[in-house]
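Biologist: Could you walk me through this model? I have some questions ready, and I'd like the cut-offs along the way.

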Amino acid sequence: MDDLWPILVVVVVGIGVLIGIVFVALFARYFKLWIQAFSSRAKIGPLALVIMSLQKVKPSVIVDTKIMAVQAGLTDIPTYAYVAHYLAGGNVHRVVHALIVAHRARIDLDWDTAAAIDLAGRNIISAVETSVDPKVIDCPDPKKSGRPTLDGVAKDGIQLKARARVTVRTNLKQLVGGATEDTVIARVGEGIVSAIGSCESHKEVLANPSVIARNVLARGLDSQTAFSIVSIDIADIDVGDNIGARLRADQADADVRVAQARAEERRAEAVASEQEMLARTQENQAKVVLAEAEIPLAMAEAFSEGNLRAV
């Protein structure tokens, strides 16, 4: 047994030396990255760099993005969050860039929300930029709907053709699972048509187009969407057809056709009644002829019975 101790010591020392050589080799490989992280106060140790390489994570990506975040003032994001997002298939650099932009613009955006947006397939940088610099969209969009205007009819029957420009800001809290831009355009279009239809006269809308915008904004059309509506501006509004007069004319034509149909029905009934009376007249005439034919027979019968005498 005493003879085995030297062998065990040699084996243990050999394994330790081998592990040390591997560690030194890996440390030497990432020494430059560690010095870079250390000098930038990124707080990424050499052991963490070695573990990243074993996890098939590019340490250079994590070091560069964390240095960028720390230099921008984002010091509360732990290293494991960067690694976890990288392993989940996310774009760490894009998320950090978006967080820096949001931080500079004083927009409330945390790491978990930004990472979820990125993993959902949304462009987090574009979303933050739209939140900083609101986006203006046309309503309706001729390229998508094929219609240049939104057509509504006021209560006096006059059609109004309107075009609106909607200013929206990205709602980062509802970006994941929220309705898209097409939903906002559809809701705003429906709201404008409904607002025009609720006006007593088209002159009321022409005199104050902002009435439409106020009515639409008051409905909260941006709920459950990925955007917040900042403003709705009526870009153009024109008078269209007199839909009420056209409907009344169409109704009058329909009434004329109904009256003509009823008159034709009454005429047909009168013709049928006339023909029926003629038939009855012929029938009565036939009965008269039959009665006249029975008179000689009656006279002959009376003469034979002595009831009829010649004078």
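Biologist: Which domains does the domain assignment give?

Modeller: Happy to start there. This is a predicted model, where local features need pLDDT of at least 70 and side-chain atom pairs count only at pLDDT 80 or more, while totals for chains, interfaces and linings use all residues. Residues are numbered from 1 along each chain as its sequence is written, and side-chain values use heavy atoms, leaving out hydrogens and water. With bounds from an automatic or database domain assignment, the protein has domain 1 (3-132) and domain 2 (135-241).

Biologist: How far apart are the C-alpha centres of domain 1 and domain 2?

Modeller: The C-alpha centres of the two domains are separated by 47 Å. Their contact (heavy atoms within 4.5 Å) takes 12 residues from domain 1 and 11 residues from domain 2.

Biologist: What is the radius of gyration of the protein?

Modeller: The radius is taken over C-alpha atoms, and the globule rule is 2.2 Å times the number of residues to the power 0.38. For a compact globule of 311 residues that would be near 19 Å. The C-alpha atoms here fill a box of roughly 185 × 70 × 25 Å along the principal axes. The protein's own radius of gyration is 48 Å.

Biologist: Is histidine 85 buried or exposed?

Modeller: Good one to check. Histidine 85 sits in helix α5 (residues 79-87); helices are DSSP runs of H or I with at least four residues, strands are E runs of at least two, and both are numbered from the N terminus. Buried means under 20% relative accessible area, exposed over 50% and partly exposed in between, with a 1.4 Å probe and protein chains only. Because its relative accessibility is 3%, histidine 85 counts as buried.

Biologist: Which residues does valine 230 contact, leaving aside neighbours within four places in sequence?

Modeller: Valine 230 belongs to strand β4 (residues 227-242) and, at 39% relative accessibility, counts as partly exposed. Isoleucine 196 is 34 residues away from valine 230 in sequence and 21 Å away in space, C-alpha to C-alpha. With those sequence neighbours set aside, the contacts of valine 230 are Thr167, Val168 and Arg169.
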